[in-house]
Amino acid sequence: MLEDRPGKVAMGEETLTVYSKSGCVQCDATYRALRKFDLPYEVVDVERTPGVANELRDRGFASLPVVDAPGEPAWSGFHPGRIKKVATSRELAGRPDGAHRGARSAGGVDPPPTQAPESRNVL
């Protein structure tokens, strides 16, 4: 199981896990978006962590990044809307009246980058 693999850092339950590898343009865009919304995340390099790529394939994923966000279904690829949804739901959960401050929802996330024909985001 992914949680049992050696070298996994014990993180808070609110930390997202981004499975990626070097040279992955969509992975880099995902990191930028997560930082923009101040979402804590850890990176698991599938090239350096034995067995993880196979486990992700077994879960039905074929491309990177794969993002595991607590309380949300995991997804693959760069999805700024999903990242914004996680940030918004966390912001709402942290407010006693459930009101949204609005500051984080203003403005967009970087558009997805154009990838070269030989994509580095394939598992």
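The structure is a predicted model, in which local features need pLDDT of at least 70 and side-chain atom pairs count only at pLDDT 80 or more, while totals for chains, interfaces and linings use all residues. Residues are numbered from 1 along each chain as its sequence is written, and side-chain values use heavy atoms, with hydrogens and water left out.

I begin with the fold. The protein contains 3 helices and 4 strands, taken as DSSP runs numbered from the N terminus (helices: H or I, at least four residues; strands: E, at least two). Along the sequence, their order is β-α-β-α-β-β-α.

Next, contacts and surface. With a contact defined as heavy atoms within 4.5 Å, residues 24 or more positions apart supply 66% of the contacts that have a separation of 6 or more. The protein exposes about 7000 Å², of which carbon and sulfur atoms supply 52%; the areas come from the Shrake-Rupley method with a 1.4 Å probe. Of the 123 residues, 36% are buried, where buried means under 20% relative accessible area, exposed over 50%, and partly exposed in between.

Finally, the aromatic rings. How many aromatic pairs does a search of the whole structure find? The search finds 1, with pairing defined by ring centres within 6.5 Å (planes under 30 degrees apart are stacked, over 60 edge-to-face, the rest tilted). Tyr 31 and Tyr 41 have ring centres 5.7 Å apart and planes at 5°, so the pair is stacked. Tyr 31 lies in helix H1 (residues 25-36) and Tyr 41 in strand S2 (residues 41-45), 10 residues apart. Tyr 31 is buried at 14% relative accessible area, whereas Tyr 41, at 23%, is partly exposed.

Technical notes: Buried means under 20% relative accessible area, exposed over 50%, partly exposed in between (1.4 Å probe, protein chains only). Rings of Phe, Tyr and Trp (its six-membered ring) pair if their centres lie within 6.5 Å; planes under 30 degrees apart count as stacked, over 60 as edge-to-face and the rest as tilted.
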